[in-house]
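Subject: Structure for you to look at

Hello,

Here is the structure I promised to pass on. Please open it first, then read my notes below.

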Amino acid sequence: MRKNNCVDLIISDLEMPRLNGLEFLSLSHQEPALADIPIIMLTSRSQEKYKQLATELGAMAYLTKPYLEEDILATINKVISGQRSAVS
């Protein structure tokens, strides 16, 4: 559990109206309030190129829709405990 932040984890989609998820990942490293918060991508984009880009930009995990509840909960637990997840 983080001591200085109110947020332990961010789950973001790739497809958002004003700022896509890849842009968000890139900008999050430049924002001190977000820089240390792990980000999981949850999206309908299952192509490997999106997963690779998200991983290169710092996503801790990449999940595709539809997803199983137990998969997302396991991924959240792994990420919060400090493990990078390869779930897709």
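Two strands pair if DSSP finds at least two bridges between them. Strands (E, at least two residues) and helices (H or I, at least four) are DSSP runs, numbered from the N terminus.

This is a predicted model, in which local features need pLDDT of at least 70 and side-chain atom pairs count only at pLDDT 80 or more, while totals for chains, interfaces and linings use all residues. Residues are numbered from 1 along each chain as its sequence is written, and side-chain values use heavy atoms, with hydrogens and water left out.

Confidence

pLDDT is the predictor's confidence in each residue, from 0 to 100. The protein chain averages 88, and 88% of its residues score at least 70. Among the elements, E3 has the highest mean pLDDT (96) and helix H1 (residues 21–28) the lowest (93). Where pLDDT is low, the predicted coordinates should not be read in detail.

The sheet

Three strands form an open sheet in the order E1-E2-E3, with parallel pairing. Its edge strands are E1 (10–12) and E3 (61–64), each pairing on one side only. Neighbouring strands are turned by 20 degrees against each other on average, direction ignored. Axes here are lines fitted to C-alpha atoms, for helices over the stretch in contact, and angles run from 0 to 180 degrees between N-to-C directions.

Strand E2 (residues 39–43) runs parallel to E3, and four bridges join them. Ile40 stands opposite Ala61 in E3. Ala61 and Leu63 point one way from E3, Tyr62 and Thr64 the other way, and all are buried. (Buried means under 20% relative accessible area, exposed over 50%, partly exposed in between, with a 1.4 Å probe and protein chains only.)

Helix H2

E2, helix H2 (residues 48–56) and E3 make a right-handed β-α-β unit. Right-handed means that, with the strands pointing away from the viewer, the path from the first strand over the helix to the second runs clockwise. Which residues of H2 are buried? They are Tyr50, Lys51 and Ala54. Seen down the axis of H2, its buried residues fall within an arc of 100 degrees, so they line one face of the helix. The arc is that of the directions from the helix axis to the C-beta atoms. Turned away from the buried side of H2 is a face with the exposed residues Glu48, Lys49 and Glu56.

Salt bridges

How many salt bridges does the structure hold? There are two. (A salt bridge is a side-chain nitrogen of Lys or Arg within 4 Å of a carboxyl oxygen of Asp or Glu.)

Lys65 pairs with Asp13, their closest N and O atoms being 3.0 Å apart. Lys65 lies in the loop between E3 and helix H3 (69–80) and Asp13 in the loop between E1 and H1, so the pair ties together parts that are 52 residues apart in sequence. Lys65 is partly exposed, at 39% relative accessible area.

Glu15 and Arg45 form a salt bridge at 2.6 Å, N to O. Glu15 sits in the loop between E1 and H1, and Arg45 in the loop between E2 and H2, 30 residues apart. Glu15 is partly exposed at 43% relative accessibility. Arg45 is partly exposed at 28%.

Before E1

Val7 is in the segment before E1. Val7 is partly exposed, with a relative accessible area of 36%. Val7 and Ile37 are 30 residues apart in sequence, but 7.2 Å apart in space, C-alpha to C-alpha.

Best wishes
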